[in-house]
Amino acid sequence: MKKLLVLLLLSLGLAGCGSSDPSARSGHDQVLTVAATAVPHAEILKAIKPLLAKQGIDLQIKVFADYVQPNEQVVEKNIDVNYFETEPYLDAYNAQRGTNLVTIIGVHIEPFGAYSRRIHAIGDLPDGASVALPNDPSNDSRALLLLARHGLITLRDPDNQLSTVKDITANPHHLKFRELEAAMLPRTLDEVDLALINTNYALSAGLNPVKDALLIEDKNSPYVNYLVGRPDNRDDPRVKALAAALTSPEARQFIIDHYHGAVLPAF
Amino acid sequence: MMSLLQHWFPQIDDWSELGQACLDTLTMLGGSLALTVAIGLPLGVWLFLSSPGQLKAQPAVYALLSLVINILRSVPFIILMIVLMPVTYALVGTKLGLRGAIPPLVIGAAPFFARLVETSLRDVNQGVIEASQAMGATTWQIIHRVLLPEARAGIWAGITVTAIALVGYTAMGGTIGAGGLGDLAYRYGYLSYKSNYMLVTVVLLVILVQILQMLGDRIVAHFTRR
């Protein structure tokens with residue numbers, strides 16, 4: 001009995017040792033880890049994964065549901081690169097955190113949109129309407145900037161990427177703002193007059209930004225989504241291979257075929 | 001006082017927002033605790049009485065109640081909140097804000113409290129129950145005049161534990177726009193790296209829990225002496 005126990009523990013220990021160092025696995029596959037949000041980032045990565053496999057690179061995609069961990073994990077070198085954020089968001093992160101993550105290549109744009117199940121055109125927005133926004137600093141401001149650009153409100157500084165509801169200087173339609181978790185916004189459509197939703201969450205909820213959005217960012221949006229890495233791995237050949245794969249003709253075709261204009265290639 | 005606070009915590013630019021968050025947490029707590037006890041207490045009594053060897057022992061009923069309670073307790077609160085959204089919407093007309101937070105808080109905490117009630121009732125001296133039965137007391141009389149009074153201290157201890165558990169649950173409020181201290185800690189402390197907020201909200205929450213525990217201990221002591 002005791003022998004069996006010792007044997008069991010030993011084999012568990014060896015198994016543990018074996019899996020802790022994937023890059024030491026001899027053979028042809030080099031591993032590259034990337035942190036991404038689910039839609040469309042992880043889907044695009046999955047689509048180009050075979051391109052990298054042909055070059056002997058095993059792309060391991062780790063999906064995250066929030067916008068903080070993908071950066072944290074890359075900073076801590078647990079993950080090599082990430083693909084989920086815009087440059088303004090990265091800049092804000094670097095400034096607040098004192099880190100120096102870098103953009104490697106721009107891949108796509110997801111025009112941020114305003115959706116409603118209660119009205120069919122933005123002009124029908126009633127006075128006193130309830131408007132739901134993301135509560136995280138970067139998307140909160142992106143939503144407000146979109147509203148300001150269309151004249152629904154006035155912001156103290158229309159270029160401030162970290163604007164909040166407190167920076168609204170004029171609200172002529174007396175809009176009532178509710179800030180909540182970005183991922184929750186599609187579920188609020190039955191309760192609010194207008195919801196400003198990130199495209200990745202809108203797509204997950206079955207909304208089509210091209211057909212359903214009442215307001216949408218135009219193609220000149222500065223919110224291109226980038227592949228992001230560290231200064232110490234930006235020139236790594238595996239990372240460069242990933243950057244090339246993400247901006248390849250196959251990637252472009254995939255994006256155009258799958259997202260019907262809701263996601264646009266930025267290359 | 002204000003300028004001292006502003007000096008120590010320069011990242012906090014709006015103290016009234018912090019004040020509002022405190023109020024939101026307290027509102028969520030107050031609203032849900034009352035209902036949790038109102039629902040959990042009868043549920044716990046029913047659970048106890050239908051258990052093997054008790055006054056209204058009915059294995060099928062006990063098994064069913066246990067199953068429902070176990071399932072509700074197994075689901076992590078954030079998931080429970082999302083899964084219950086259609087129910088919440090039907091009950092209070094919204095799934096957002098303070099109103100939208102109360103149903104999931106109650107449905108999450110009541111089963112927990114019911115179990116604590118059941119445990120307290122088990123500690124009641126069987127002899128006293130049997131004596132009341134011998135005197136011809138009805139079930140309702142036994143519950144009302146024997147079981148609950150005898151288990152009072154334990155039940156109040158259970159209320160204290162449940163209240164503090166609820167404070168933890170209310171941290172999820174921000175997801176649905178219900179506000180609260182947990183929401184501020186998450187948005188400003190975690191998402192915006194303003195550690196001042198983390199510190200202040202944690203201190204406030206510790207104070208809140210300490211007060212709840214102290215109050216609870218006083219009440220339990222009062223009922224224990226008798």
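Predicted model: local features only at pLDDT ≥ 70, side-chain atom pairs only at ≥ 80, totals over all residues.
## Chain A as a whole

Let's begin with the overall picture. Chain A contains 9 helices and 13 strands. Its C-alpha trace spans about 75 × 50 × 35 Å along the principal axes. Of the 267 residues in chain A, 41% are buried. Counting contacts in chain A between residues at least 6 apart in sequence, 74% join residues at least 24 apart.

## The sheet in chain A

In which order do the 6 strands of the open sheet in chain A lie? The order is β2-β1-β3-β12-β4-β13, and the pairing is mixed. At the edges are β2 (57–64) and β13 (264–265) of chain A, each of which pairs on one side only.

| Strands of chain A | Bridges | Direction | A pair of bridge partners |
|---|---|---|---|
| β1 (residues 30–37) and β3 | 3 bridges | parallel | A:Ala35 and A:Asn82 |
| β3 and β12 (residues 224–229) | 4 bridges | antiparallel | A:Tyr83 and A:Leu227 |
| β4 (residues 102–109) and β13 | 2 bridges | antiparallel | A:Ile109 and A:Leu264 |

Helix α2 of chain A (residues 38–53) lies across β1, β2, β3 and β12 of chain A, and runs at about 170 degrees to β2(A). Helix α8 of chain A (residues 237–246) lies across β1, β2, β3, β4 and β12 of chain A, and runs at about 20 degrees to β4(A).

## Backbone details in chain A

Now zoom in on a few residues. A:Val39 and A:Pro40 are joined by a cis peptide bond, with omega about -5 degrees. A:Pro40 sits in helix α2 of chain A, the helix that lies across β1, β2, β3 and β12.

A:Lys77 is not a glycine, yet it has a positive phi of about 65 degrees. You will find A:Lys77 in the loop between α3 (69–75) and β3 of chain A. Why does A:Lys77 count as exposed? It has 10 C-beta neighbours inside 10 Å, and a residue with 12 or fewer is classed as exposed.

A:His174, also a residue other than glycine, has a positive phi near 55 degrees. A:His174 belongs to the loop between β8 (168–170) and β9 (176–180) of chain A. Because A:His174 has 9 C-beta neighbours inside 10 Å, it counts as exposed.

## Helix α10 of chain B

Let's move to chain B. Among the buried ones are B:Asp183, B:Tyr186 and B:Gly189. What do the buried residues of α10(B) pack against? They pack against α2 (15–49) and α11 (195–225) of chain B.

Two packed helices are described by the angle between their axes and the distance between the axes. For α10(B) and α11(B), the angle is about 165 degrees and the axes are 8 Å apart. The two helices are therefore roughly antiparallel to each other. The crossing of α10(B) past α11(B) is left-handed. On the α10(B) side the contact includes B:Leu181, B:Leu184 and B:Tyr188, while the α11(B) side includes B:Met198, B:Val202 and B:Leu205. By class, this contact has 9 nonpolar, 3 polar and no charged residues. Just after α10(B), B:Tyr193 takes a positive phi of about 55 degrees.

## Where the chains meet

Finally, look between the chains: 13 residues of chain B are in contact with 14 residues of chain A. On the chain B side, α10(B) gives the largest share, 3 residues. That side has 6 nonpolar, 5 polar and 2 charged residues.

Definitions and conventions:
Residues numbered from 1 in each chain as written. Chains lettered and ligands numbered in written order. Buried ≥ 20, exposed ≤ 12 C-beta atoms within 10 Å, placed from the backbone. Contact = placed C-beta atoms within 7 Å. Nonpolar A, V, L, I, M, F, W, Y, C, P; charged D, E, K, R; others polar. Axes fitted to C-alpha atoms, helices over the stretch in contact; angles between N-to-C directions. Parallel < 35°, antiparallel > 145°, perpendicular 65-115°, else oblique. Left-handed = near helix turned anticlockwise from the far one by under 90°. Pairing = 2+ DSSP bridges.
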